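I opened this model to look up a few things and write them down. The entries follow the order in which I checked them.

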Amino acid sequence: MAAGRPTIIDVARDAGVSPATAGRVLGGYGTPSPELVRRVQDSARRLGYRANDVARSIVTGSTRVIGVVVSDIENPFFARAVNGISDRARAAGYEMLLVSTRMELARERSAVEALMAKRVDGMIVASASVSEGGHLRRVREAGVPLVLLDRRNDGAGAVDSVLLDNRAAAQRAVGHLLGLGHRAVAVVTSATPGDGPPSRRRKTAAEFPSSLRFKGYLDALDEAGVTCDPGWILRCDDADAACERVRDLLVTRPDVTAVFATTNVMTGGAFRAIMDGDRRCPEDISLMGFDDHEWSTLVRPQLSVVAQPAYDLGAAAGTVLLGRLAGPGSRSAPSETILQSSLIVRGSVAAPPP
């Protein structure tokens, strides 16, 4: 055997069979005798032979690998969703290749191309864009099943998607605050200015979860007959910025009695600002967050949140993709699965002060 990685020719020579026979045994096709199977497998183990998955996929048509692309694996939401995907995939005999793009579309395009080159059987993508989807459309046109996770992408064309009820969940959360008597409710959001009225009524184009949650906030105000004060809208992109904006709000807007944060990142920043300030929570100001992380019940007061079923979201995406991989009977029209979030009310929310 030559130095380096053993080849199928080395295995065949060691087992005393032809390379074609060794290939049939190691590839799992054909009808070699039990004795030949034993000899070839023993040689493969002894030599440390590892199959070339790409070469094998040319014969079998499958690598038994799915690709997963998410925008930020450091975000606990996506970490839980990926666990859901992984558990479904492994139970069905698939492995998973994971790429995190940090919300950079160029990285996403590169990741999708790399996964296609590795001949993954299918792909699940939480895209960095809701409109730029030519690379995703090419995946679909190549016949590779694709499922969009957590957001739609208009550029991808007609593909399966698994989403959360972001707009309705935000409306329920803010509606709860308004039902307690709050009339000046601030929102901490990364939504862009164009997401505000009147464009919030737009139904056809895909939108990021942050935009949908902001619109749910506006829907709740509309339903309660409350006019949105532009000073209530705190736009920011990270936890530090959220902390600074909420800290300023607590000083300059004593009329605001509740804050709604639309992501787990914004929730952390808002909570820090309130804890550092002079106004008590919930006696002087209530806080409603998004995502139910472990720290939500470790702090005092315990945090009221919209709890997203992130693990179930990933598991559902895995189930949809595996259904597409199941065979010819799975060629139905693209589906859209929407999972419901739940409202958990704890100690950080109360009626406004008199």
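**Ground rules**

I am working with a predicted model, in which local features need pLDDT of at least 70, side-chain atom pairs count only at pLDDT 80 or more, and totals for chains, interfaces and linings use all residues. I number residues from 1 along each chain as its sequence is written, and side-chain values use heavy atoms, with hydrogens and water left out.

**Entry 1: overall make-up**

I counted 12 helices and 12 strands in the protein chain. Both are DSSP runs numbered from the N terminus, helices being H or I with at least four residues and strands E with at least two. Of the 354 residues in the protein chain, 49% are buried. Buried stands for under 20% relative accessible area, exposed for over 50%, and partly exposed for what lies in between (1.4 Å probe, protein chains only). I then looked at contacts, meaning heavy atoms within 4.5 Å. Among contacts in the protein chain with a separation of 6 or more, 68% are between residues 24 or more positions apart.

**Entry 2: D160**

Is D160 buried or exposed? It is buried, at 4% relative accessible area. I placed D160 in strand β5, which covers residues 160-164.

Next I looked up its polar contacts. The term covers a pair of N or O atoms within 3.5 Å; within protein, one must be able to donate a hydrogen and the other to accept it, and residues adjacent in sequence count only if both atoms are side-chain atoms. The side chains of D160 and R324 are joined by such a contact of 2.7 Å. A polar atom of the D160 side chain also lies 2.7 Å from the backbone nitrogen of S335. With neighbours within four places in sequence left aside, I find D160 in contact with L146, V147, L148, V320, R324, A333, P334 and S335.

**Entry 3: the largest pocket**

I used a 1 Å grid over the protein atoms alone: a pocket is an open set of points where a 1.4 Å probe fits, with protein on both sides within 12 Å along at least five of seven lines, and lining residues have an atom within 4 Å of a point. Grid points are joined across faces, edges and corners, and the volume is the space filled by probe spheres set on the points. For the largest pocket I noted a volume of about 710 Å³.

Which residues lie nearest its centre? They are N75, M103, R151, S190 and T263, out of 27 lining residues. Helices α5 (76-91), α9 (209-224) and α11 (264-276) each supply at least two residues of the lining. The largest share, 4 residues, comes from α9. By class I have 8 nonpolar, 9 polar and 10 charged residues in the lining. Here Ala, Val, Leu, Ile, Met, Phe, Trp, Tyr, Cys and Pro count as nonpolar, Asp, Glu, Lys and Arg as charged, and the others, Gly among them, as polar.

**Entry 4: aromatic pairs**

The structure holds 4 aromatic pairs. One of them is F260 with F290, a tilted pair at 6.1 Å centre to centre and 55° between the planes. F260 sits in strand β8 (residues 258-261) and F290 in strand β9 (residues 286-290), 30 residues apart, and the pair links these distant parts of the chain. F260 is buried at 0% relative accessibility, and F290 is buried at 1%.

I also took down F271 with W295, an edge-to-face pair at 5.6 Å centre to centre and 65° between the planes. Because F271 lies in helix α11 and W295 in the loop between β9 and β10 (304-307), this pair ties together parts 24 residues apart in sequence. F271 is buried at 9%, whereas W295 is partly exposed at 28%.

My criteria: rings of Phe, Tyr and Trp (its six-membered ring) pair if their centres lie within 6.5 Å, and planes under 30 degrees apart count as stacked, over 60 as edge-to-face and the rest as tilted.

**Entry 5: backbone angles**

The peptide bond from C281 to P282 is cis, with omega near 10°, and P282 is in the loop between α11 and β9. The bond from R300 to P301 is cis as well, with omega near 0°; P301 is in the loop between β9 and β10.

M103, which I had already listed near the pocket centre, has a positive phi near 60°. M103 belongs to the loop between β2 (95-100) and α6 (105-117) and is partly exposed at 40%. R119 also has phi near 60°. I found R119 in the loop between α6 and β3 (122-125), partly exposed at 39%.
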